[in-house]
Amino acid sequence: MSKTESVTESVKYYNWGPVAIPAGDQMVHRVGPLGLVFRKISNEIWIAADRTQIEHPDPETLVWSRWALKKDSVPIEVMPMMPDRQVVVRPEYPFMLSPGAEVRIYTRIPVWVGVYALESKRHLLMEIPTVMLSKTWFGDFIEGTMCYWISTTARRLITDDIFQSHTAISTLHIKNESNSDLKIDKLGIRVDRLSLFDKDGQLWTDEMDIRYQGEEQHSEITMKGKPPSEVKEARLLTSPRDPVKKSFAERTFRIFKDIPGFN
């Protein structure tokens, strides 16, 4: 791209689905703090991520990925995706769940954006996080796993300020089926098992049902596969990265270890 080349730019805000990219021009598709920058030249699609939040990013400062497609007219689609690793979230305030008690929690999870070419088969070109999340370790050195750390808080109630275009609201219904108190201060969530739904421009995941059975036992986890009762009419946008049967067992409440370099 020549520095002297004239570029006409249009800016659009998030709208999941097909994206019309003007030939030869630059288009910015914004999803929260992420600006997806597109250019179309013949049968090539150029894609770059811009996080400066400048209204008109300089094309010379961007790192472009170029894709040659089968035809000039191949449609491009932008869709939300859940992160590619488990995430760790925390409540606004840690609390105890007594034996037999249950609670409903809502948390925001920043989504990724998948860019697809709608050729003979739907082909994923790129997936880009809306927010660059820090990595951390969840669990011990034997059963632990690398995760993303989400600094946002899990809440007991939904208020207007929880809604954001680049995050999905995840609903967790937790029941303590053990004989001891359960302290809830950090939760490991398998977001790769969750679907994404849209209701009036806000993303939601399907509800998770978590039944805690003791510190030495695995929790029984059920992905409902449908939107939570708060948004029954939400439409399905994206299926899980890793579809599984409705229920599986895993440690959800584990000792959190801080590993140098992954905080």
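A charge sits over a ring when NZ of Lys or CZ of Arg is within 6 Å of the ring centre and within 35 degrees of the ring normal. With that in hand, here are the close-ups. This is a predicted model, where local features need pLDDT of at least 70 and side-chain atom pairs count only at pLDDT 80 or more, while totals for chains, interfaces and linings use all residues. Residues are numbered from 1 along each chain as its sequence is written, and side-chain values use heavy atoms, with hydrogens and water left out.

**View 1. Arg156 over Phe95.** Arg156 sits over the face of Phe95, 5.7 Å from the ring centre.

**View 2. Trp46 meets Trp64.** The structure has 2 aromatic pairs; rings of Phe, Tyr and Trp (its six-membered ring) pair if their centres lie within 6.5 Å, with planes under 30 degrees apart called stacked, over 60 edge-to-face and the rest tilted. Here the ring centres of Trp46 and Trp64 are 5.8 Å apart and the planes are at 65°, so this pair is edge-to-face. Trp46 belongs to strand E5 (residues 44-50), while Trp64 is in the loop between E5 and strand E6 (65-68), 18 residues apart. Strands (E, at least two residues) are DSSP runs, numbered from the N terminus.

View 3. The rings of Trp112 and Tyr148 have centres 6.2 Å apart and planes at 55°, so they count as tilted. This pair links distant parts of the chain, with Trp112 in strand E11 (residues 112-118) and Tyr148 in strand E14 (residues 145-154). Trp112 counts as buried at 8% relative accessibility, and Tyr148 counts as buried at 8% too.

**View 4. Strand E18 and its partners.** Two strands pair if DSSP finds at least two bridges between them. E18 (residues 196-199) pairs with E19 (residues 202-205) in the antiparallel sense over 4 bridges, and Leu196 has Thr205 as its bridge partner. In their hairpin, with 2 residues between the strands, Asp200 takes a positive phi near 55°. E18 also pairs with E22 (residues 235-238), antiparallel over 3 bridges; there, Phe197 stands opposite Leu236.

**View 5. Two nonpolar cores.** A nonpolar core is a set of buried Ala, Val, Leu, Ile, Met, Phe, Trp, Tyr and Cys residues joined through side-chain atoms within 4.5 Å. The largest has 54 residues, and its largest share, 5 residues, comes from E11. A second, separate core of 7 residues includes Phe197 and Tyr106.

Definitions and conventions
Buried < 20%, exposed > 50% of the residue type's maximum accessible area, 1.4 Å probe, protein only.
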